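Here's a quick tour of the charged side-chain pairs in this protein. Have a look at the model first, then read on.

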Amino acid sequence: MNRPAPVSSRLPEFTWDTLDAAATIAAAHPDGLINLSMGTPVDPVSPVIRQALADASNAPGYPLTAGTPALRDAIASWVARACGAGVDGLGVLPTIGSKELVAWLPTLLGIGPGDVVVVPSIAYPTYEDGARLAGATTVRADSLTAVGPTSRVRLVWVNSPGNPTGRVLPPAHLRKVVDWARERGAVVASDECYLPLGWTADAEPVSVLSPEVCGGSYESVLAVHSLSKRSNLAGYRAGFVAGDPALVAELLKIRKHAGMIVPAPVQAAMVAALSDQAHADEQRERYRARRETLLAAFTGAGFTVEHSEAGLYLWMTRGEDCWATVDWLARRGILVAAGVFYGPGGAQHVRAALTESDAHVAAVAARLAQA
């Protein structure tokens, strides 16, 4: 009996499993492992958010896939403030974190074999994973001319600030992508999870929902956001998508059938998180200070840091194969992500996260100073 190939056969080895050997080396350091690889938040969740979660914990009924009216209002208000978007004609929808939406968006949009999904040349792996799950073809390109004459482009991913590079795309570039996609009937999905984390005055992140990018129309445009980093809610799985109301309505229809619902207590916590800027400002300041320490430490140890003007990572090279750099750092008890995780263009780079504790960040600097 011939069984179809398992769906998992379409996917590469899970990214973080390939770091197991380096993690074992790093864990053998006399002072222990310091993990700068995944970018998992370690700081406490704001009491305001935790209280909202607790207050909503008596939730025996099914929650709304579309989100409560309070959550939809909170998302729209935050997008207006943070993205410069107008709330009129804006579709919003809560998601179970942002990764699940990224992975399933091609499938939810009806993309399949023969269709093309464009992703950045160095990119978050889940963009390509989502295309693989849908059976579509992935094209890596940072310029529209590199895509070629194909008419089968159905989805274009942009990511600014970028993961892993921290690169910020200027509004004019984003506007060209939106115009190009609209001419071809394609959707632009903008991963903006790091939008609030710009570090330099000359590289201020701009949302695809900003009028200077989308021209005041949300047609064919979706922006994906997460509260994992802004509010330390990675464990809550709290994200949302905003943009073209027709596309959002279509996503909602499918997600209602599939049971892709944000739990009611988490929806209440999201309202509190989106409505409170103080905790986000406090967390941003933590990351800014850690970035300064790690930037000085790595450059002092001979690394060249490229881009990294925004976001939660340093994108670095020593001019050697990325696995040699991973090993060099692991022997000092420091675990980082190999650049090749993000595409062939990262073969000589590594990514270090800013999300470890102040004490561990200081320890990284001390270890690198002795290198």
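## Ground rules

A salt bridge here is a side-chain nitrogen of Lys or Arg within 4 Å of a carboxyl oxygen of Asp or Glu. By that rule, the structure holds 14 salt bridges.

Keep in mind that this is a predicted model, where local features need pLDDT of at least 70, side-chain atom pairs count only at pLDDT 80 or more, and totals for chains, interfaces and linings use all residues. Residues are numbered from 1 along each chain as its sequence is written, and side-chain values use heavy atoms, with hydrogens and water left out.

## Arg290 and its partners

Arg290 pairs up with Asp43 in a salt bridge, with 2.8 Å between the closest N and O atoms. Arg290 sits in helix 10 (residues 278-300) and Asp43 in the loop between strand 1 (34-35) and helix 2 (47-55), so the bridge ties together parts 247 residues apart in sequence. Helices (H or I, at least four residues) and strands (E, at least two) are DSSP runs, numbered from the N terminus.

Both ends are tucked away: Arg290 is buried at 3% relative accessible area, and Asp43 is buried at 13%. Buried means under 20%, exposed over 50%, and partly exposed in between (1.4 Å probe, protein chains only). Asp43 and Arg290 also join Asp358 in a network of salt bridges.

## Two other pairs

Asp115 and Arg152 form a salt bridge at 2.4 Å, N to O. Asp115 is buried at 4% relative accessibility, while Arg152 is partly exposed at 41%.

Glu128 and Arg140 meet in a salt bridge too, at 2.9 Å. Glu128 is in helix 5 (residues 125-134) and Arg140 in strand 4, 12 residues apart.
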